[in-house]
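Colleague: Can you walk me through this one? I'd like to start with the overall fold and then look at single residues.

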Amino acid sequence: IFFRWSIPRCVDMAWVTTLASNIAAASVLAAACDATTQYMERSFKARNDKKQAKTDSSLSSSTRKLSPKEKEKAQEQAGHDFERTKRFVLSFGVYGALPSFAFYQYLLPWMVPGSTSTDLVKKVILDNGTLNVLLPATMLTFNAMQEGKGNKYVVQRVKETAIPVIGLYVSVYIPVDFLMFTVIPMQYQVVFVKSVNCVIQLATSYLCNRELKEDAGKKDGVTTTKSEKITELDDSPNETEGEGEGEDNGEMDSDESERKDEE
């Protein structure tokens with residue numbers, strides 16, 4: 001009823017229904033994949049923490065008291081990050097479905113209208129040479145921009161994530177394209193692609209949200225400087241104590257020599 005009254009009669013209802021179903025399917029798959037990836041990350045982290053707590057016999061970071069900031073960070077990591085899921089759905093669900101629908105429904109059939117074996121190879125080359133390269137790069141960029149951490153962060157995130165994600169897309173979609181262009185009907189091709197894309201999005205969700213190498217290096221540098229400062233502070237009182245003991249011994253020796261002279 002909503003479509004009948006809100007969309008003009010000149011618009012094809014089949015086109016609108018197919019587009020809406022593709023966007024809905026892509027959004028649901030993106031949300032499910034990101035939720036699954038977050039659950040797997042929490043499970044692996046909890047397992048590693050348990051192993052570390054069992055193997056460490058001395059006082060470690062897992063047994064010491066946490067600061068208030070560390071407690072807040074641990075609570076955030078323990079629960080589901082809905083902001084991360086929202087970014088992933090908007091980037092790899094809603095945004096990703098629009099160019100995919102236009103490419104498979106209109107652009108690719110227009111460029112390669114035939115169905116021979118030669119045309120099939122051309123479709124696979126065009127799909128993996130254009131859409132499966134440009135679309136992941138733009139989706140990664142849009143996902144990083146939603147975090148609001150500046151242009152440098154976006155560039156660094158795309159540099160570290162684009163190559164592995166594009167490699168996944170191309171390696172998986174080459175065999176999928178041969179199956180899609182020979183067996184799957186045209187109106188279900190985008191839904192089929194998004195269903196297969198669920199496997200890729202599990203890895204993509206992790207790659208899009210893992211810690212950057214540059215940030216990890218900065219954190220390591222900060223920890224080393226802090227440890228050096230702590231060792232310096234620990235050594236400094238010993239030096240002052242030694243100086244004080246030397247002064248006290250010198251005063252005692254001078255008093256004994258004066259007493260001997262008086263005697």
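Predicted model: local features only at pLDDT ≥ 70, side-chain atom pairs only at ≥ 80, totals over all residues.

Colleague: How many helices and strands does the chain have?

Modeller: There are 8 helices and 0 strands. Along the sequence the pattern reads α-α-α-α-α-α-α-α. Helices (H or I, at least four residues) and strands (E, at least two) are DSSP runs, numbered from the N terminus.

Colleague: What share of the residues is buried?

Modeller: Of 263 residues, 28% count as buried. Buried means under 20% relative accessible area, exposed means over 50%, and partly exposed is in between (1.4 Å probe, protein chains only).

Colleague: Now Thr 85. Where is it?

Modeller: Thr 85 sits in helix H4, which covers residues 82-111.

Colleague: Buried or exposed?

Modeller: Thr 85 is buried, because its relative accessible area is 11%, and the cut-off for buried is under 20%.

Colleague: What does the side chain of Thr 85 make a polar contact with?

Modeller: The side chain of Gln 38, at 3.3 Å. The Thr 85 side chain also reaches the backbone oxygen of Asp 81, at 3.2 Å. A polar contact is a pair of N or O atoms within 3.5 Å; within protein, one must be able to donate a hydrogen and the other to accept it, and residues adjacent in sequence count only if both atoms are side-chain atoms.

Colleague: Which residues does Thr 85 touch?

Modeller: Leaving out residues up to four places away in sequence, Thr 85 touches Ala 31, Asp 34, Gln 38 and His 80.

Colleague: Change of topic. How many aromatic pairs are there?

Modeller: The search of the whole structure finds 5. One of them is Phe 88 with Phe 92, stacked, at 4.6 Å centre to centre and 20° between the planes. Rings of Phe, Tyr and Trp (its six-membered ring) pair if their centres lie within 6.5 Å; planes under 30 degrees apart count as stacked, over 60 as edge-to-face and the rest as tilted.

Colleague: Why are Phe 88 and Phe 92 separated by about one helical turn?

Modeller: Because Phe 88 and Phe 92 are 4 residues apart in helix H4. Both are buried. Another pair, Phe 103 and Tyr 104, is edge-to-face, with 5.3 Å centre to centre and 85° between the planes. Phe 103 is buried at a relative accessible area of 6%, and Tyr 104 is buried at 2%.

Colleague: What does Pro 109 touch?

Modeller: Phe 103, Tyr 104 and Met 186, not counting residues up to four places away in sequence. Pro 109 lies in helix H4 and is partly exposed, at 23% relative accessible area. Pro 109 and Met 186 are 77 residues apart in sequence and 9.4 Å apart in space, C-alpha to C-alpha.

Colleague: Last one. Where does Phe 178 lie?

Modeller: Phe 178 lies in helix H6. Phe 178 is partly exposed, with a relative accessible area of 34%.

Definitions and conventions:
Residues numbered from 1 in each chain as written. Heavy atoms only, no water. Contact = heavy atoms within 4.5 Å.
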